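Jotting them down as I go.

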Amino acid sequence: MYLSLLLYIAKWMATGIIFLKNMISFRISQLSPSPTLVLDAKVKEMQRSGMPVINLGIGEPDFETPPNIKRAAIKAIRDGFTHYTETAGILELRKEIAEKFERENHVLYDPSEIVVGCGSKHLLYSVFQVLCKERDEVLVPVPTWSTYIEQIKLAGGKPKLIKLFPPFKLTAKDIIKNVSSHTQIILINSPANPTGAMIDDEELDKIAHLAVKHKLWVVSDEIYEKITYGKKHISIASLNKKIKERIITINGFSKAYAMTGWRVGYAAGPKEVISAMGSLQSQMTSNTSSISQMAALEAISGKQDPVEKMRREFWKRSDFVLSLLCKIEGLSFVRPEGAFYFFVSLNQLFGKGFKTSRDWCEALLGKEQVAVVPGEAFLYPGYFRLSFACSLKDLSEGIVRISRFVKKYV
Ligand code: PLP
C-alpha cells in the first residue's frame, strides 16, 4: 500500500519536473547562471544570518559613486528628465563618449558609431547576437569571465578556448594556433578579469594584423582600462584605420566611476554593426535609464580626479595584498597589471585534503568564512580569484584567515 503510494507520488513529481523542463527553451535550459553573482547572493545570505563573512569575491569597486555624478542624477529627476530617450542613448552622451575616445584612446568615432546600453554586459550580449552566425567560432582566451561563454552560446556561436599560462598574456601566436576557417571573432579583454593581465603592445599590434589578414572581428572589452598599475592601456582600435573597421570596443561606467548599479555601458564600432545592435536593443530594453545617462554624462565630462584617486587606492591595496600573499607558503600568483583581482594558484596544495579549487573555496567559506571565487568560474580550475575591491581591514583579516586555513593543509 505504502509502496504504491510512494510510486504514485514519485511519478507525479517526475511528470511535474519534465513538464517544467519542457516549458523552458533548450537554449535557456543550457545556460549557467553567473557564478560570481551566485556566490555574492550566498555571502549576503550568510551575512544576513549574522555570520562575519569577509567577501573577497566582489567584482565591483567598494567606493561610493562620486558626488558630482549623484547630483547630476538628482537634477535629472528634478528636471523631469524621466522619459524614454533615443534607444542608442542621448546624443550629448554619445558625443562626449566620442570625444573621450579621441582624447584618451586616440581613435575617432562619430556619435552614430556609438550605442549606449544597460551596462557593458548588455552590449556584449548584443554584439555576439549581431556578429555570430550559427556555429561561428569565437576565440576566447582562458581564464575568462564566464559571461562571454554563455553569451556566445546564446548567440549560436561556439567559444573556442585558448588556454593561457602564467603570466596569462595573450599573444598573436596563441591566435595563429587556434584560428580556422570557422573563426569569426577574437575576444580580447585587457586588463583582464580574473588575472589583471594586459596584452603587450607589440602583441596587440600583431593581433590587429592577424584580424585584418583573416578578416576577423575583434570584440575588445576595455572595461578595466582606467584601472592599471604602471602600464598604459592601449585601445586596439587606435592602432590603424584598417583594424578600426574590424573592432567593436566595449566599455562602461561601472568600474572606473564606481557606477555598477547605474547600468550604463557603451559600444563603438562600424556603423552597420552599431546600428544593428541599436535595433536589437530597441526590441529588448529600449534605452538605458534616462537618469543614469545624465549621471554618465557628468561622469565622462566632469572632473576626473575621483577616478585617479580610486586607481591609486587600488594600487596601494594591490601592493598590500602582494606583501601578505607572498608570505603564504603553497600559494603562487602573478602580480596584476590592472583591474582589481589576484588570480592565485592552489596547485601546490592539491593532494592535501582537496581535489578541486571549488572544494577548497567552499571549505574556506565554511570554515573561515572568507569568500573567494574558484577558478572553475573562469574555466580555469586549480586557482581562486581574490578581489581587492574592499577595505584594507577586510583584506588584512581575510588574508590572515586564508593563511590559517592554508597552514592546516601544508
Ligand atoms: N566585462 C568584464 C571583464 C567584467 O568583469 C564585467 C563585470 O564584472 C563586465 C564586463 C560588466 O560590467 P557592466 O557593469 O558594465 O555590465
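**Ligand site**

I started with Arg-263: an N or O atom of its side chain sits 2.8 Å from an oxygen atom of the ligand. I count that as a polar contact, meaning a pair of N or O atoms within 3.5 Å. Taken alone, the ligand exposes 400 Å², and the protein buries 92% of that (Shrake-Rupley areas, 1.4 Å probe).

Note on the source: this is a predicted model, where local features need pLDDT of at least 70, side-chain atom pairs count only at pLDDT 80 or more, and totals for chains, interfaces and linings use all residues. Numbering runs from 1 along each chain as its sequence is written, and side-chain values use heavy atoms, with hydrogens and water left out.

I then checked Asn-193, which puts a polar side-chain atom 2.8 Å from a ligand oxygen. Lys-121 uses a polar backbone atom instead, 3.0 Å from an oxygen atom of the ligand. I find 13 residues around the ligand, with Ser-120, Asp-221, Ser-254, Lys-255 and Arg-263 the closest (a heavy atom within 4 Å).

Is Asp-136 buried or exposed? It counts as buried because its relative accessibility is 12% (buried is under 20%, exposed over 50%, partly exposed in between; 1.4 Å probe, protein chains only). I placed Asp-136 in the loop between α6 (120-131) and β3 (137-142). Its contacts (heavy atoms within 4.5 Å) include Lys-158 and His-182, leaving aside residues up to four places away in sequence.

Tyr-84 is in the loop between α4 (67-78) and α5 (91-105). At 75% relative accessibility, Tyr-84 counts as exposed. I got 35 Å between the C-alpha atoms of Tyr-84 and Lys-158, which are 74 residues apart along the chain.

Note on methods:
Helices (H or I, at least four residues) and strands (E, at least two) are DSSP runs, numbered from the N terminus. A polar contact is a pair of N or O atoms within 3.5 Å; within protein, one must be able to donate a hydrogen and the other to accept it, and residues adjacent in sequence count only if both atoms are side-chain atoms.
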